[in-house]
Amino acid sequence: MHAKPLSPTLGTITRRFLLVCVWPVALLQVPAAIAASATADTPPLQPQRYSARVTRVFDGDTLWVQPLEGGAPRKLRLLGIDAPEICQDGGIAARDALTQRVLRQVVQVQVDRFDDYGRGLARLTHDETDVSAWLVAQGLAWSYRWRNSLGPYAEQEAAARKRRLGVFADAQAEVPRGFRQRHGPCQLFPVVTP
């Protein structure tokens, strides 16, 4: 009768080493390798440019467009501005001014990227005018601040503040980001459509 060896054989040690040490490390590398190959094969988003008709205005910085070339309607958020929330002072005025300016009109759209909600972050041009710059210059939106930057429309905002236009008539007007943090989202208000 043969006695079992008390110590594991070289084959058993090798299998245990592979199962306990090498295999988990290799498995951890798989997602990183997949992500790296996907990133290497996927070019960065190129700005999308197209002409579209504005079909809906949700608030002072969010609207829907129908591309003239066809396809599904697209929800856009105007890049570089923060308009008052619809339930905030100036919110309805901002929505109505944007509606008056672009609803049912053909606009030029440039989508640079998408936000966490899937909206295209877009620059809109109507009659050769940057719509975001126009809104800020009218005192209907703030230039979007990020870290230490006063945003892309700081000049327009400074001029509107100086003239006390729109939301800037009140020197203590609250920026929409602060309003959202204090009050949460607005209840649904009617959306302007054609």
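This is a predicted model: local features need pLDDT of at least 70, side-chain atom pairs count only at pLDDT 80 or more; totals for chains, interfaces and linings use all residues.

Reader: How many salt bridges does the count come to?

Author: The general idea is a distance rule: a side-chain nitrogen of Lys or Arg must lie within 4 Å of a carboxyl oxygen of Asp or Glu. By this rule the count is ten salt bridges.

Reader: Where in the chain do R161 and E157 lie?

Author: Both belong to helix α4 (residues 154–162); because they are four residues apart there, about one helical turn separates them.

Reader: Is E157 buried or exposed?

Author: The term buried applies under 20% relative accessible area. E157 has 3% and is therefore buried, whereas R161, with 38%, is partly exposed.

Reader: Which parts of the chain does the pair of R123 and D112 link?

Author: R123 and D112 form a salt bridge, with 3.4 Å between the closest N and O atoms. This pair links distant parts of the chain, eleven residues apart: R123 is in strand β6 (residues 120–126) and D112 in strand β5 (residues 106–114). With a relative accessible area of 19%, D112 is buried, while R123, at 35%, counts as partly exposed.

Reader: What of D82 and R77: are they buried or exposed?

Author: Both residues are buried. Their side chains meet in a salt bridge at 3.2 Å, N to O.

Terms used:
Residues are numbered from 1 along each chain as its sequence is written. Side-chain values use heavy atoms; hydrogens and water are left out. Buried means under 20% relative accessible area, exposed over 50%, partly exposed in between (1.4 Å probe, protein chains only). Helices (H or I, at least four residues) and strands (E, at least two) are DSSP runs, numbered from the N terminus.
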